[in-house]
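Me: I am new to this structure. Please walk me through how to read its features, one at a time.

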Amino acid sequence: MANIKQIAELSGVSVTTVSRVLNNHPYVSQEKRKAVMQVVEQLDYTQNFNAVHLVKGRTQLIGILLPCMDMPFFSSFMTGLAEEALRHKYNLVFFQTDYNAEEELRALHMLKQRQIDGLIIVSKDLSWDTVEEYTRYGPIVSLEHAGNRPITSISFDYYGSYSYAMRYLIEKGHRRIGISVCREYSYNSSIRLQAYVDALRDIGVTPEENWMFYRSSNIQHGAELLQRWIAMENRPTAIIASGDEVAAGMILEGRKQEIHVPEHLSLISCENFPMASVIGVTSIDYRNEEAGAAMFQACFTRIMNPEAVPEQRIMRFEFVERSSVADIK
């Protein structure tokens, strides 16, 4: 098998120049680059990337840990994240875990074994104590706020955004307000629920248990939620849905049942993907694409500078008002 030294001899350049050409280094003349590539083609040379990784100390791979790819909430991060990865000549390794602890640990073990340079956690089930044990092996960046741990977090202002949405509904005259969340016991869901409960208690309203809808993440769940709402005696006059798909399911099922938004039920969603505009629902925009880019940048920064201090950044949100909330004053 040909090696770099042979390529250098045949192309009449130094070994260093061959290395620079193979690694796409910018400071090589076109004449020398062409000479090297002609020899590479003649010898049918292929780089030993394991050796390259040993020399550089990096694999040019970053792991992305998330439960699934088919939910818009998760896939929406990938556009901004993938664009940044391409710009920095990095490849992405996806771990679709379905919140399985063994699969999440597999991603962390790959970081420990230096098979990836860093790990971006979009959503997880493992405890922070378990995750923190692996920070000695490489940078970990999370979409969930990690507190004072040595983990960079690029998180959403769930408390602030849900407090804003609740105030908006309250100012419109709503007092019986419902909420749906995806995972009942997740950290992010607990923050949303806390903002919801606090806003109602501030106006002297105790939320009823059946105003809180759990395990809502897709169109079918939204349709089922609307059916449950129809069967209730003390119905909420407004609901904050856990996502645009849930809101769409509620609206579509409502049309079948002659229940219309906002005439019969006011509705706010969170995500503000293109679907939200199509169905005309007021929505909280967390700027997922921007968050994905920020997560990659944060991980890349710590790969290049391991001594960099982990940052805790909260993304700004935008409240996009449409025609799905009625004024009932």
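Reply: Thr282 lies in strand S10. Strands (E, at least two residues) and helices (H or I, at least four) are DSSP runs, numbered from the N terminus. This is a predicted model, in which local features need pLDDT of at least 70 and side-chain atom pairs count only at pLDDT 80 or more, while totals for chains, interfaces and linings use all residues. Residues are numbered from 1 along each chain as its sequence is written, and side-chain values use heavy atoms, with hydrogens and water left out.

Me: Is Thr282 buried or exposed?

Reply: First, the cut-offs. Buried means under 20% relative accessible area, exposed means over 50%, and partly exposed is in between (1.4 Å probe, protein chains only). Thr282 has a relative accessible area of 0%, so it is buried.

Me: Where is Gly243 placed?

Reply: In the loop between strand S8 (238–240) and helix H11. Gly243 counts as buried because its relative accessibility is 4%. Leaving aside neighbours within four places in sequence, it is in contact with Ser269, Cys270 and Glu271. Gly243 and Ser283 are 40 residues apart in sequence and 8.7 Å apart in space, C-alpha to C-alpha.

Me: How do I read a nonpolar core?

Reply: A nonpolar core is a set of buried Ala, Val, Leu, Ile, Met, Phe, Trp, Tyr and Cys residues joined through side-chain atoms within 4.5 Å. Here the largest one has 70 residues. Those with the most contacts inside it are Ile120, Phe156, Tyr196 and Met250. Helix H13 (residues 288–304) gives the most to this core, with eight residues. Apart from it lies another core, of 16 residues, among them Leu65, Leu111, Trp128 and Val131.

Me: What is Ile120 in contact with, leaving aside its neighbours within four places in sequence?

Reply: Ile120 contacts Ile62, Gly63, Ile64, Leu65, Leu81, Val141, Met295, Phe296 and Cys299.

Me: Which residues of helix H1 (residues 4–11) are buried?

Reply: Ile7, Ala8 and Ser11. Now look down the axis. The arc is that of the directions from the helix axis to the C-beta atoms. The buried residues of H1 fall within an arc of 100°, so they line one face of the helix. They pack against helix H2 (15–22) and helix H3 (30–43). On the other side of H1, Lys5, Glu9 and Leu10 are exposed. Gly12 follows H1, and its phi is positive, near 70°.

Me: How should I read backbone angles?

Reply: Most residues other than glycine have a negative phi, and most peptide bonds are trans. Look for the exceptions. Glu258 has a positive phi, near 60°, and is not glycine. It lies in the loop between H11 and S9. Glu258 counts as exposed because its relative accessibility is 63%. Arg287 also has a positive phi, near 60°. It lies in the loop between strand S10 (282–285) and H13, and is partly exposed, with a relative accessible area of 21%.

Me: Which peptide bond is cis?

Reply: The one from Val261 to Pro262, with omega near 5°. Pro262 lies in the loop between helix H11 (244–256) and strand S9 (266–270).

Me: How many cavities of 30 Å³ or more does a search of the whole structure find?

Reply: On a 1 Å grid over the protein atoms alone, a cavity is a set of points where a 1.4 Å probe fits but cannot get out; lining residues have an atom within 4 Å of a point. Grid points are joined across faces, edges and corners, and a volume is the space filled by probe spheres set on the points. The search finds one.

How values were computed: Contact means heavy atoms within 4.5 Å. On a 1 Å grid over the protein atoms alone, a cavity is a set of points where a 1.4 Å probe fits but cannot get out, and a pocket is an open set with protein on both sides within 12 Å along at least five of seven lines; lining residues have an atom within 4 Å of a point.
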